[in-house]
Amino acid sequence: MENSDYMRYALSLATEAAENGEVPVGCIVVDGSGKIIGRGRNRREETGKATAHAEIEAIEMACDVKKDWRLDDCSLYVTLEPCPMCAGAIINARIGKLYYGAKEPKSGSCGSIINLFMENYGYSPEIYGGLLEKECAGVMRDFFEKIR
């Protein structure tokens with residue numbers, strides 16, 4: 001699969017989130033062999049938990065599959081620029097590569113507000129922004145137009 005195929009899978013999870021009344025963010029974690037080992041979507045409304053973000057769910061599943069907290073041989077694909085909490089989880093899991101779709105001007109931590117990955121935490125993934133950006137932004141726009 002190509003990077004855009006992985007992001008399309010994350011987009012399908014974002015669409016699923018929207019269909020369930022959640023802010024449409026989807027995320028997957030792919031191991032070094034190209035296998036999807038983690039999947040997640042926003043579930044804050046469903047669970048009532050502030051930490052129920054797509055990235056957290058996908059990282060937790062990937063750690064369960066690998067039976068390890070270190071995901072340095074993995075890539076994470078998420079439809080929206082990670083927030084500070086999710087950026088911290090990416091750093092702590094030592095994700096090797098981060099691909100995100102749309103920018104998040106209100107809480108984005110890959111440069112929109114702050115770039116936490118530029119801070120001296122001792123670890124930072126390779127970051128690739130704007131993958132299928134129009135499609136990812138469109139899912140967000142459509143969701144918010146429907147609820148307003």
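The dialogue below treats these features in that order.

Reply: Please note at the outset that this is a predicted model.

Me: How much space lies in the largest pocket, and how many residues line this pocket?

Reply: The largest pocket holds about 540 Å³ of space. Its lining comprises 23 residues, and those nearest the centre are Val-23, Leu-80, Glu-104, Met-140 and Phe-144.

Me: Which helix gives the largest share of that lining, and how does the lining divide by class?

Reply: Helix H5, residues 133–147, gives the largest share, with five residues. By class, eleven lining residues of the largest pocket are nonpolar, nine are charged and three are polar.

Me: What is the volume of the second largest pocket, and which residues line this pocket?

Reply: Its volume is about 150 Å³. The lining consists of Thr-15, Ala-18, Glu-19, Val-139, Asp-142, Phe-143 and Lys-146. Two elements, helix H1 (3–19) and H5, each give two or more residues to this lining. H5 has the largest share here, with four residues. Three of the lining residues are nonpolar, three are charged and one is polar.

Me: Let us turn to the rings. How many aromatic pairs does a search of the whole structure find?

Reply: The search finds four aromatic pairs. One of them joins Tyr-6 and Tyr-77, with 5.1 Å from centre to centre and 35 degrees between the planes, and is classed as tilted. This pair links distant parts of the chain, since Tyr-6 belongs to helix H1 and Tyr-77 to strand E3 (residues 75–80), 71 residues apart. Both Tyr-6 and Tyr-77 are buried.

Me: Why is the pair of Tyr-99 and Tyr-128 stacked?

Reply: The class follows from the angle between the planes, and under 30 degrees counts as stacked. The planes of Tyr-99 and Tyr-128 stand at 15 degrees, with the ring centres 4.8 Å apart, so the pair is stacked. This pair also links distant parts of the chain: Tyr-99 lies in strand E4 (residues 97–102) and Tyr-128 in strand E5 (residues 126–129), 29 residues apart.

Me: Is Tyr-99 buried or exposed, and what is the relative accessible area of Tyr-128?

Reply: The relative accessibility of Tyr-99 is 9%, so this residue counts as buried. Tyr-128 has a relative accessible area of 35% and is therefore partly exposed. Tyr-6, Tyr-77, Tyr-99 and Tyr-128 together form one aromatic cluster.

Me: Where is His-53 placed, and which residues does His-53 touch?

Reply: His-53 sits in the loop between helix H2 (44–47) and helix H3 (54–66). Its relative accessibility is 13%, so His-53 counts as buried. Leaving aside residues up to four places away in sequence, His-53 touches Arg-41, Asn-42, Arg-44, Cys-83, Met-85 and Cys-86.

Me: Where is Leu-132 found, and is Leu-132 buried or exposed?

Reply: Leu-132 occupies the loop between E5 and H5. With a relative accessible area of 14%, Leu-132 is buried.

How values were computed: Residues are numbered from 1 along each chain as its sequence is written. This is a predicted model: local features need pLDDT of at least 70, side-chain atom pairs count only at pLDDT 80 or more; totals for chains, interfaces and linings use all residues. Side-chain values use heavy atoms; hydrogens and water are left out. On a 1 Å grid over the protein atoms alone, a cavity is a set of points where a 1.4 Å probe fits but cannot get out, and a pocket is an open set with protein on both sides within 12 Å along at least five of seven lines; lining residues have an atom within 4 Å of a point. Grid points are joined across faces, edges and corners, and a volume is the space filled by probe spheres set on the points. Ala, Val, Leu, Ile, Met, Phe, Trp, Tyr, Cys and Pro count as nonpolar, Asp, Glu, Lys and Arg as charged, and the others, Gly among them, as polar. Rings of Phe, Tyr and Trp (its six-membered ring) pair if their centres lie within 6.5 Å; planes under 30 degrees apart count as stacked, over 60 as edge-to-face and the rest as tilted. Buried means under 20% relative accessible area, exposed over 50%, partly exposed in between (1.4 Å probe, protein chains only). Contact means heavy atoms within 4.5 Å.
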